[in-house]
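These are my notebook entries on one protein model.

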Amino acid sequence: MGNMQFTAIVLMALLTMKLLLLPGRVATNAVLNRSRWLMVVSIALLGVQFLLQLSLGLRTLGITQAVMVNLIFFIPCSWLMSLAVLYLQQQGRVTIVEKYIGVVIWIVVLAAMGIAAAVDGQPLMAGTTEIRNAEIISSCLYAGMQGYYAYKQATNVRAMSNALHNYFDRNQDNMLRWMQMSVFILVILALMVPALIFIHSVWLAVFGVFFCFGIFYLVDSFCSYAVSSAPGKVREAERSEELSNAVGEENGMEEDAEAMERVTQLVERWLEKDRYLRNGMKLPNAAKGIGIPQYQLKAWLRCNNMKYSEWIANLRIEEAKRILCEHLDWSNETIAQHCGFNDRSYFHKKFKEVVGMSPADYQVSVGVQKE
């Protein structure tokens, strides 16, 4: 156990340094910088917690003493870590409840333990029934807090994913995968902590490994996300969504049958020009080419139960199917470039996803084969 605690201390120190040494452009972005500092404090507190566990030998003193320190540090650490992700997702626009629920729960936990110690007249670190009950209640509060943040984060990820799908011409969910995994990791940690901090067994070691890996993944993924072009792309898509919704509300969204029929006719004329085959065709560009406002194109897609990236991909796959039948001498890479896919592997993956078979198998199924 001592070796694992020492390893955790070193890992927390390294992760803290990695966050502090992020490139200067992260510091110039107020949202990224705030999220970075929230994570720095969270990871530093975790390092202190493991240092206390190791230096004081709390596990050897008894479960109560170890649990006490775990709860006192885990709650603010989880609060700050969750708030960092939430702050990043919502571009700094967090509510009072989202911002301070962790503080409130931490104060309640400290009060519950203090009251329990006062009632039984024993020292705070004594293993009394009252202290034990206070720790169980505190663990449940911790799990509830993390469940609240997980719900908020999952809701935000869905909204961000929708914004990306309704702006770019290809699936960009890979930029958000670390957020999805982070929500899962933080929930698992919250569910496991109340049970595992009370036990002495091999499961404690398993949990320790998972805990360290989860924290490493979360921080490392945040750093990779912060220095990439992903934050800019997400914000670009979200701004387009906000602007489109605002203009749509002013104009009544125009989702009536007559308006949608007019949009359908304009879309069909645009499709005849094969403009959708241009790589990197974002929704604003498509709407401009069609000759309609962005909100009308989005309304038309909603009426047809489609997202923009899905619509464009299906159109391009239909063109690819035609090319596969009519130009047997074309390579998959050439077909991908012609149809607006930026690379062969993505074209192959998307074709199989939409058609249910590879391009080569499709040629066989329709009775044509390359010589």
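**Ground rules**

I worked on a predicted model, where local features need pLDDT of at least 70, side-chain atom pairs count only at pLDDT 80 or more, and totals for chains, interfaces and linings use all residues. Residues are numbered from 1 along each chain as its sequence is written, and side-chain values use heavy atoms, with hydrogens and water left out.

**Overall content**

I looked up the secondary structure and found 17 helices and zero strands. Helices (H or I, at least four residues) and strands (E, at least two) are DSSP runs, numbered from the N terminus. I then checked burial: 48% of the 371 residues count as buried. Buried means under 20% relative accessible area, exposed over 50%, and partly exposed in between, with a 1.4 Å probe and protein chains only. For contacts I used heavy atoms within 4.5 Å. Among contacts with a separation of 6 or more, 72% join residues 24 or more positions apart.

**Helix 13**

I asked why helix 13 counts as largely enclosed. Seven of its 10 residues (294-303) are buried, so the rest of the structure largely encloses helix 13. I listed the buried ones as Y295, Q296, L297, K298, A299, W300 and L301.

Next I looked at its crossing with helix 11 (residues 257-272): the axes come within 10 Å and cross at roughly 100 degrees. Helix 11 is therefore roughly perpendicular to helix 13. Axes are lines fitted to C-alpha atoms, for helices over the stretch in contact, and angles run from 0 to 180 degrees between N-to-C directions. Under 35 degrees counts as roughly parallel, over 145 as roughly antiparallel, 65 to 115 as roughly perpendicular and the rest as oblique. From helix 11, M260, R262, V263, T264 and V267 meet Q296, A299, W300 and C303 of helix 13. I sorted this contact into six nonpolar, two polar and one charged. Ala, Val, Leu, Ile, Met, Phe, Trp, Tyr, Cys and Pro count as nonpolar, Asp, Glu, Lys and Arg as charged, and the others, Gly among them, as polar.

**Helices 15 and 16**

I looked up a second pair. Helix 15 (residues 332-339) packs on helix 16 (residues 344-355) at about 85 degrees, with the axes 9 Å apart. That makes helix 15 roughly perpendicular to helix 16. N332, E333, I335 and A336 of helix 15 make the contact with R344, F347 and H348 of helix 16. I counted three nonpolar, two polar and two charged residues in this contact.

**Second largest cavity**

I found two cavities of 30 Å³ or more. On a 1 Å grid over the protein atoms alone, a cavity is a set of points where a 1.4 Å probe fits but cannot get out, and lining residues have an atom within 4 Å of a point. Grid points are joined across faces, edges and corners, and a volume is the space filled by probe spheres set on the points. The second largest cavity has a volume of about 100 Å³. Its lining includes S42, F74, Y142, L186 and F211. Which element gives the most to that lining? Helix 5 does, with four residues.

**Positive phi**

I noted that most residues other than glycine have a negative phi. Q91 has a positive phi, near 55 degrees. I placed Q91 in the loop between helix 5 and helix 6 (96-120). At 24% relative accessibility, Q91 is partly exposed. N305 also has a positive phi near 55 degrees. I placed N305 in the loop between helix 13 and helix 14 (308-326). At 70% relative accessibility, N305 is exposed.

Is N166 buried or exposed? N166 is buried, because its relative accessible area is 14%. I located N166 in the loop between helix 7 (129-165) and helix 8 (177-196). Leaving out residues up to four places away in sequence, N166 touches E241, L283, K298, K307 and Y308.

I found Y362 in helix 17 (residues 359-365). Y362 is buried at a relative accessible area of 13%. With residues up to four places away left out, Y362 touches K321, L324, C325, F351, V355 and M357. I also checked Y362 against C325: they lie 37 residues apart in sequence and 9.1 Å apart in space, C-alpha to C-alpha.

Conventions. On a 1 Å grid over the protein atoms alone, a cavity is a set of points where a 1.4 Å probe fits but cannot get out, and a pocket is an open set with protein on both sides within 12 Å along at least five of seven lines; lining residues have an atom within 4 Å of a point.
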